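Q: I'm new to this one. Can you put it up and walk me through it?

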Amino acid sequence: MLTLPPTKIISQAAQALLERAGDTREKNAINKAELALKSGMTIADCADGWLVASTRNEHVYRVSNVYGCPCKAGASGKACYHKQAIEILIEAGQYTMPALPRSRVVYEPDVSEWF
Ligand SMILES: [Zn+2]
């Protein structure tokens, strides 16, 4: 199971995707994905992508890097929230750099000021 990023990061990532979204359908899928992620949507990685549990029924969709999502919307080439949830997580990865432990941060004086 993937550990989801904090809700603040999910919000930031979803906002960035909304600003780049092409149409209303895509925006709706992003909104639904954001809500699903914040509500504890179940996602696990697999060999060719991710396993995404539907929030509506018992289905688990294999969202592939290559083939996209096999759900009804995804299979017909439309935006779906399963794929958008993955897009949000990928976008969120850009905002979640691991922090250095405090003891490893070393102050290095700028020696050019000394001369
Ligand atoms: Zn889907």
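A: Start with α1: what covers its buried residues includes α2 and α4. Helices here are DSSP runs of H or I with at least four residues, strands are runs of E with at least two, and both are numbered from the N terminus. This is a predicted model, where local features need pLDDT of at least 70, side-chain atom pairs count only at pLDDT 80 or more, and totals for chains, interfaces and linings use all residues. Residues are numbered from 1 along each chain as its sequence is written.

Q: Which residues of α1 are buried?

A: I10, A13, A14 and L17. Buried means 20 or more other C-beta atoms within 10 Å of the residue's own, exposed means 12 or fewer, and partly exposed is in between, with C-beta atoms placed from the backbone.

Q: Where do they sit around the axis of α1?

A: They fall within an arc of 100 degrees seen down the axis, so they line one face of the helix. The arc is taken from the directions from the helix axis to the C-beta atoms. On the face turned away from that buried side, α1 carries the exposed residues K8 and E19.

Q: OK, the core. How many residues are in the largest nonpolar one?

A: It has 23 residues, and A33, A85 and I88 have the most contacts inside it. Such a core is a set of buried Ala, Val, Leu, Ile, Met, Phe, Trp, Tyr and Cys residues joined through C-beta atoms within 7 Å.

Q: Which element gives the largest share?

A: α4, with six residues. Each of α1 (7-20), α2 (24-38), β2 (49-53), β3 (60-64) and α4 (81-92) supplies at least two.

Q: And what does A33 touch?

A: Leaving out residues up to four places away in sequence, A33 touches Y81, Q84, A85 and I88. Contact means C-beta atoms, placed from the backbone, within 7 Å.

Q: Switching to the sheet. What's the strand order?

A: β1-β2-β3, in an open sheet of three strands with antiparallel pairing. Strands pair if DSSP finds at least two bridges between them. β1 (43-46) and β3 are the edge strands, each pairing on one side only.

Q: How many bridges join β1 to β2?

A: Four. The two form a hairpin with two residues between them. D45 stands opposite W50 in β2.

Q: And how many for β2 and β3?

A: Five, also antiparallel. A hairpin joins them through six residues. L51 has R62 of β3 as its bridge partner, and V52 stands opposite Y61.

Note on methods:
Two residues are in contact if their C-beta atoms, placed from the backbone, lie within 7 Å.
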